[in-house]
Amino acid sequence: MPFSALDHAAIARALSQIADRSHDLVDAFFERSEEVSLPAEGGPPGFTVRREEGLAIRLVRGDRSWLASRDGISPSLFAEALRQAARAMPIAAYPEPRLDPTPWIDRPEAPELVPFPTDVIRHLRQERVAFPLRLHVARHRRWLQIIGPRWVPEEQFESFYSCTAETPWCRLGMLLPSLGPSAVEAVAAPLLESFRCRHAPAPEASTGVVLLGPEATAVLLHEAVAHALEADTLALGGSPNAAIGVRLAQDGFHVLDDPSSAPEGVRRTCDDEGVTVCRRWLLRDGVVEQPLADSAAAQVTEALLPGAARRSHRHLPPAPRSTHLEVVAGEYGLDDLAADSDGLWIPRADRGRLDPVSGQFSLDIPHARRLRSGQIAEPVGPCRLEGRVGDLLGAIQGVGRQAQTAGAGWCAKGGQKLPVWATATPLRLEGVTVKP
Amino acid sequence: MSGGNAPEKAVVDPEVQETLIAVGDLDGQRFDQAEVFTKKGKSRRVTLAPGHRTSVYSEERGWAVRAGNRRASFFASGTGQVTPAGPWPEPDGLGLRLPKPHAAPRWVLPSDFESPLIGEREGVALLDGIARALAEELTGSRLIQAAVEDGASEAQLMNCHGLKCRFRHRLASLHLEAVAPGAAGIRASLYLAERDARKFNPLALARRLADRLSILSQGRARPRDRGDCLLAPPLMARLLAGLTPLWVGTEAKLKVDRLWGGDRRIAGEGWTLLDNGRLPGGALEAPFDGEGVATRETVLVDSGEYRRPLLTWWQTRDSEYRESGCSRRASWRDLPSPGPTHLYLRPKAGISVADLLGDIARGYYLLEATGAGRFDWQENRFEIPVCGLEVRRGRATGPVNHCVLRGKITGFLASIQAVARDLAFLPLGGMIGSPTVLATGLELFAEEGPG
C-alpha cells in the first residue's frame, strides 16, 4: 500500500493546529490513481497510461469550506497546502511531517486488457453475428488515505475496468469489477440485443405497463432515488430534513446504499472523508429514511448521517453521492411480474436525467421489446420514459426476486466523474408514460 | 515574455530535454518519434450553494510523453516533474508521427496574462453581486448554484524534430443556475468563459438570467409559424457548435459536398466563418496548439463560399490544405485531438441588433436554446428547442417558449441575411462565437411536434 509509510501522527498534529474552533472539520486527502487503457483496434497510440499522485487539505468552518490541493506528495507541498487552507501566515511555519509514499517505479502494465476485445468478438461470432465494433477497454486503480486530527481510517483501494463499445448504431459504456468470462458475457449480450433491435421502429407514445430489467432499474434508481436524496440536491429545495419520512413508493420497496457490499475490488470501509460507511436505508418500505450526506451536511442537519462523501479527485471538495445502490429483492419471478400484461420490456437504459428543482425525470432507452400477454415479443427502437420522480416510484407495483450486479456506470453530476455500482432486481411499473 | 515565436529557439527545462533523449532510445528500441509536454498551473474556484460557500486553491503540475516508431507507440502521463526514468509502458498499437518545426508568426504575450488570479473575496463578491442583482431584477428569483474559476498555466513542449515551444494560458469560467419565483421549478443556467474572471459583469449576467427566467415562466408555445427570425449569439453559438462536423476534420468536406452537391456556395453573403487560435483577447488565445504547431486564422467559409475544413498538421497529409494549428489538449492527461479554438461568424461593424430588429415586420427574436440540438446529416435536417420573444413591427410583443426551430441544414445556412456587430463566445468544446443574425423563412413549431 503506497501510504503505509506516511507519518500519521505528525499529519494529525499538523491538522489539529488549523482546526482551532470546536466545530471545525479538517482532513488531509492523499491520492494515487492509475488508468491504463488499450484503445480500440486501429487507434493510436498503444497503451495509454495516466498516473497521478497528490494531496489536498480541507477545512470546514460553519457554512464555509476551504480546500488547497497539490499534484504531488511531499512535506513542503503539504505545509503549503495547510497554510493555504488555514488562510493565515502562522508565526512559526507549520511543521513538515514525514511523507514517504512508496515510490511508483513499477512498469505500468495491464496484460489482461489485451485478449478482452477478441474474447467479446469471439463470443458474438458464437452467436453467428459479426458487425463493425470498436472496443476500448481500461483498468482503473486508486489508492486513498484520509487523515483527520483525531482519526486515521485504513487505506482504501479500488480497482475496476471500464469498457466502451462503438458500433455504427450505438455506443455502449459499462464498468466491470473484473475481466473474466462473465464480463465478456456482460458486454456481448447487450451488443447482441442492440444489433437485433437496430432497425426497430420507435414505439408510439403510450401509458401502461413497463417491465424494467436489473440494468434499467439500476439507472432509474440512481437518478430517481440516489440523486434525489443527496443532501446537496435536497438543499436546493429547502431543508434536507424535510425529506425524511416522505413516502415515495409503496410498502415492500426498499433501496439502500452500501459501499461495503459493492463488488469485490471497489468495496469501501470508509468514504472519501474517512468516515466509516454504513448500510444506509434510503427508502424503507417506500419511505425516505436516511438521505445521502457528507460531514458538512450532517453538521448542519443533525438527522443526517455522514459517510456518503465522495470526490472524483483531490482538486474538488467531497459531496454526498451514492457508491453502491442495492434494491432488496422482492418475491416475484420475471413471469409473475409480466403476468399476462401488454406493455414494454426494457432491459437497459442509456442514461437518466433528474431536474432537481422540478423533480422531473427522464430515462433514455436505446431499445426495448414489446410485452404481449406477458411474453417478451418483437423489438422497438429508442424511446424515453418520463415523469415526476414521485409518480414514477409510486408506479412500482412489483419487485423481482433475482437481484444481480447490474447497471454500473460513470456518474458525472457537478463535474465529478465517479464510478457507481448497483445490485438490482427487475421491476414492474404501471401507468408510466413512454414516448418515442 | 513573448510567448515564444521560433519553435526551435524556445528554452525548455533541462528535465524535458533529458526525458526526450531518454525515451528516444528506450531499452534499445529506437523510437524515432518522441515528444515531451509539461504543464503547470494554478487556479482558484469559489462556489456558492444553498447554505454553503467553498473556496478551492489548486496547484497542478503534470507531464505527458508520446513516443514510438512506424510500428508501435505509447502515451504516458503523470503528475509532478517529468523524469527520464519513467517508468514507461510497453509500446503497442499504431505507429506515431510528430510535427516538424516551422517558423511561427510573432505573438506578444497579452498584458492581462500577468494579472493575478481572482481573490477569494473578489469571487465571493462577484457571486453575491449576481445573486443580489438577480433578486432585484426579478423579485422572488434566486441563484441556487454558482461557481467562478480563474486559472493560469504555462506549458512546454519539445519533440525529436527540434520543435521546442513554451506558452501560457489564462482562462476563467462562470457557471450560474437560478430558479424563477413560484413553485413551478423553472430553472435557467449560464456557462461562460473569459480570459479573466474580472471581466464578468454581475449586472449584465443577472439581467440575462432574469430575462431567461421570465421567458421560460411566461412564454407560450406558438403553433407552426414562419417568419423572420433574429437569432441571438447564445442560440447561434449552439447552432454553430452543432454544425461542427461541417467545419472540422477530414470528413467535413465530404459532408458539405453531400449536402450541397459539390456547390461551393453554401450560405448567404453575410456568412464568413473563421477559426483563430490566436484571436486577440480570446479566452483560449495562444501562439501554438497542443502539438506545437503555430496557430493562425483560417477562413472556413468566405462570404457564403466554402473554402476548407479545419485540419491539424497530420490531417493535411496528402491534401491541398495547409495545417490550421488546431490540435487541442484538454489537459496534460489527454492526447491532442482536433477541434476549434475560437470558431466564429465574422460580425459586421456598424450594424446593431436594434437595426436588425427594426427590420422585422412579423417574426421572432430567439434568444437561447432550451435543450440540445439534433443534426441529421443523412436527412439534411436539424431541430433545436428555443425560447425568445415574438416581434411585431420591430417591437417585442410577448415571450415564446416550448418551441422548436426545425428545418433543413442547407436551408438554415441560406436563410442568414444579415449579421450584427455584437460578437459573443460560448465555451462549447472550444470557444464558439457569433453575433446576432437575421434569418428569413425559418419555421418554428410547438415543442410536441409539427403543427
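Visitor: Is Trp104(A) buried or exposed?

Guide: This is a predicted model, and the values come from its atoms. A residue counts as buried when its relative accessible area is under 20%. Trp104(A) has a relative accessibility of 17%, so Trp104(A) is buried.

Visitor: How do the rings of Trp104(A) and Trp143(A) pair?

Guide: The structure holds 20 aromatic pairs over all chains. In the pair of Trp104(A) and Trp143(A), the ring centres are 6.1 Å apart and the planes stand at 85°. Planes over 60 degrees apart count as edge-to-face. The pair of Trp104(A) and Trp143(A) is therefore edge-to-face.

Visitor: How many residues apart in sequence are the parts that this pair ties together?

Guide: Trp104(A) lies in the loop between α2 (75-86) and α3 (115-126) of chain A. Trp143(A), which is buried with a relative accessible area of 11%, belongs to strand β4 (residues 134-147) of chain A. The pair therefore ties together parts whose separation in sequence is 39 residues.

Visitor: Which residues of chain B form one aromatic cluster?

Guide: Chain B also has an edge-to-face pair, Trp107(B) with Phe113(B), because their planes are at 70° and their centres 6.1 Å apart. Both of these residues are buried. The residues that form one aromatic cluster are Trp247(B), Trp271(B), Phe375(B), Trp377(B), Phe382(B) and Phe412(B).

Visitor: How many residues of helix α5 of chain A are buried?

Guide: Helix α5 of chain A covers residues 214-226 and is largely enclosed by the rest of the structure. Its buried residues include Pro214(A), His222(A), Glu223(A) and Ala226(A). The number of buried residues is 12 of the 13.

Visitor: At what angle do helices α2 and α3 of chain B pack, and which word describes this arrangement?

Guide: Helix α2 (residues 120-137) and helix α3 (residues 202-218) of chain B have their axes 8 Å apart and pack at about 45°.

Visitor: What is the handedness of the crossing of α3(A) and α4(A)?

Guide: The axes of α3(A) and helix α4 (residues 181-196) of chain A come within 9 Å and cross at roughly 50°. Among the residues that make the contact are Phe116(A) and Val120(A) of α3(A), and Val184(A) and Leu191(A) of α4(A). By class, this contact has nine nonpolar, one polar and two charged residues. The crossing is right-handed.

Key:
Residues are numbered from 1 along each chain as its sequence is written. Chains are lettered from A and ligands numbered from 1 in the order in which they are written. This is a predicted model: local features need pLDDT of at least 70, side-chain atom pairs count only at pLDDT 80 or more; totals for chains, interfaces and linings use all residues. Side-chain values use heavy atoms; hydrogens and water are left out. Axes are lines fitted to C-alpha atoms, for helices over the stretch in contact, and angles run from 0 to 180 degrees between N-to-C directions. Helices (H or I, at least four residues) and strands (E, at least two) are DSSP runs, numbered from the N terminus. Rings of Phe, Tyr and Trp (its six-membered ring) pair if their centres lie within 6.5 Å; planes under 30 degrees apart count as stacked, over 60 as edge-to-face and the rest as tilted. Buried means under 20% relative accessible area, exposed over 50%, partly exposed in between (1.4 Å probe, protein chains only). A crossing is left-handed if the near helix is turned anticlockwise from the far one by less than a right angle, and right-handed if clockwise. Contact means heavy atoms within 4.5 Å. Ala, Val, Leu, Ile, Met, Phe, Trp, Tyr, Cys and Pro count as nonpolar, Asp, Glu, Lys and Arg as charged, and the others, Gly among them, as polar.
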